[in-house]
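Subject: Structure handover and notes

Dear colleague,

Please find below the structure that I promised to pass on to you. My notes on it follow, and I would be glad if you read them with the model open beside you.

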Amino acid sequence: MASLEMQGPYDLANAEIDERVTQISCGNYALGWVSGSTFYVSYVGRSDKDVNDRLKKWVGRYKKFKFSYASSPKDAFEKECRNYHEFGGSEKLDNEKHPERPNGTDWNCPVCNIVD
Ligand SMILES: [Zn+2]
């Protein structure tokens, strides 16, 4: 079964984000909603610099979030790719397209090996 390996879910609100995401760090997040004890993933993303700041841009558009810190932008990119594929890609998620590698890198998706 697909697993995010993230903390949460928490309410997607500025105060809650500041309370939970205290490090300025690259990281990953998932956005969605909760029913019972299940977190339903609608969107997966990452930030290469500051996952707290990125999450705040989504306030009002989704109800709940989960997140994890990443040890490097490359780790964040690869985890985002795995999340994207494990949760059904663009067919099931709101993500319109495959995660993009950061500008200036030649990193590849660990799941599908996108080549351009
Ligand atoms: Zn891929």
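Although E5 is not a glycine, its phi is positive, at about 55°. E5 counts as exposed because it has 10 C-beta neighbours inside 10 Å; a residue is called buried if 20 or more other C-beta atoms lie within 10 Å of its own, exposed if 12 or fewer, and partly exposed in between, with the C-beta atoms placed from the backbone. In strand β1 itself one finds P9, and the peptide bond that leads from G8 to P9 is cis, with omega near 5°.

Before going further, please keep in mind that this is a predicted model, in which local features need pLDDT of at least 70 and side-chain atom pairs count only at pLDDT 80 or more, while totals for chains, interfaces and linings use all residues. Residues are numbered from 1 along each chain as its sequence is written.

**Overall form**

The protein has four helices and four strands, and along the sequence they follow the pattern β-α-β-β-α-β-α-α. The C-alpha trace spans about 40 × 30 × 20 Å along its principal axes. For 116 residues, a compact globule would have a radius of gyration near 13 Å, and the 14 Å of the protein agrees with this; the radius is taken over C-alpha atoms, and the globule rule is 2.2 Å times the number of residues to the power 0.38. Of the 116 residues, 33% count as buried.

The four strands form an open sheet in the order β1-β4-β2-β3, with antiparallel pairing; two strands are said to pair if DSSP finds at least two bridges between them. At the edges are β1 (7–11) and β3 (38–47), each of which pairs on one side only. From one strand to the next the twist averages 30°, where axes are lines fitted to C-alpha atoms, for helices over the stretch in contact, and angles run from 0 to 180 degrees between N-to-C directions.

Strand β2 (residues 27–35) is joined to β4 (residues 64–69) by six bridges in the antiparallel sense; G27 has Y69 of β4 as its bridge partner, and A30 stands opposite K66 in β4. Towards β3, strand β2 runs antiparallel with nine bridges, and here G32 stands opposite V41. β2 and β3 form a hairpin with two residues between them, and G36 in this turn has a positive phi of about 65°.

Helix α3 (residues 73–86) lies across β2 and β3, running at about 145° to β3. After α3 comes G88, with a positive phi near 100°.

Which residues touch the most other members of the largest nonpolar core? Of its 20 residues, they are Y29, A30, V51, L55, F65 and F67, a nonpolar core being a set of buried Ala, Val, Leu, Ile, Met, Phe, Trp, Tyr and Cys residues joined through C-beta atoms within 7 Å. The elements that give two or more residues to this core are β2, β3, α2 (51–56), β4 and α3, and α3 gives the most, with four residues. Leaving out residues up to four places away in sequence, F67 touches M6, Q7, G8, V21, G27, N28, Y29, V51 and L55.

E19 belongs to helix α1 (residues 14–20) and is exposed, with 11 other C-beta atoms within 10 Å. From C-alpha to C-alpha, E19 and N52 are 9.9 Å apart in space, while 33 residues separate them in sequence.

With best wishes

Terms used
Two residues are in contact if their C-beta atoms, placed from the backbone, lie within 7 Å.
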